[in-house]
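I opened my notebook to look up strands, rings and charges. Here are my entries.

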Amino acid sequence: EGLWALGSRAPDATAAAAAEKTSDALRADPDAAEAPAASATVVADETRDRCILCGINFAMFFDQDDGEWKYRNCTEKNVEHDGPTMDGEGSEAVLVHATCWEGLGSPEFLTADQVRHAS
């Protein structure tokens, strides 16, 4: 008999079986969960080296095929500005982790209130 927090109940057998199936699949192929983000790469840019959503630096690797340094799990998205900006641009291209972007629901563009860390 296990202890459960007050007001909570033990997980049902269906939920436990689903969690175990997912866990088994990840043990069999640990890269399966990262497949979409793993293919997202951008040419490295020293002036934009961290995700504007989470603030963590991108993982860099050397692409032997292209002969260039690239960021892994990275994609370029536009941030739409609400009002006029100093340079007159309505949007700005920024780099974000593909997984962070997917965590937001994969929007077409980002808004200024979604940006947590200035680049």
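I began with a rule: a charge sits over a ring if NZ of Lys or CZ of Arg is within 6 Å of the ring centre and within 35 degrees of the ring normal. I found Lys-77 over the face of Trp-101, at 3.9 Å from the ring centre. I also found Arg-72 over the face of Phe-61, 4.1 Å from the ring centre.

I noted that this is a predicted model, where local features need pLDDT of at least 70, side-chain atom pairs count only at pLDDT 80 or more, and totals for chains, interfaces and linings use all residues. Residues are numbered from 1 along each chain as its sequence is written, and side-chain values use heavy atoms, with hydrogens and water left out.

Next I looked up strands (DSSP runs of E, at least two residues, numbered from the N terminus). Two strands pair if DSSP finds at least two bridges between them. β2 (residues 59-63) and β3 (residues 68-72) pair in the antiparallel sense over 5 bridges. They form a hairpin with 4 residues between them. Gly-67 in the turn has a positive phi of about 70 degrees.

Which residue in β3 stands opposite Phe-62? I found Trp-69 there. Ring centres within 6.5 Å make a pair for Phe, Tyr and Trp (its six-membered ring); planes under 30 degrees apart are stacked, over 60 edge-to-face, the rest tilted. I listed 2 aromatic pairs. In one of them, the rings of Phe-62 and Trp-69 have centres 5.4 Å apart and planes at 65 degrees, so the pair is edge-to-face.

Last, I checked a sheet. Strands β5-β4-β6 form it in that order, open and with mixed pairing.
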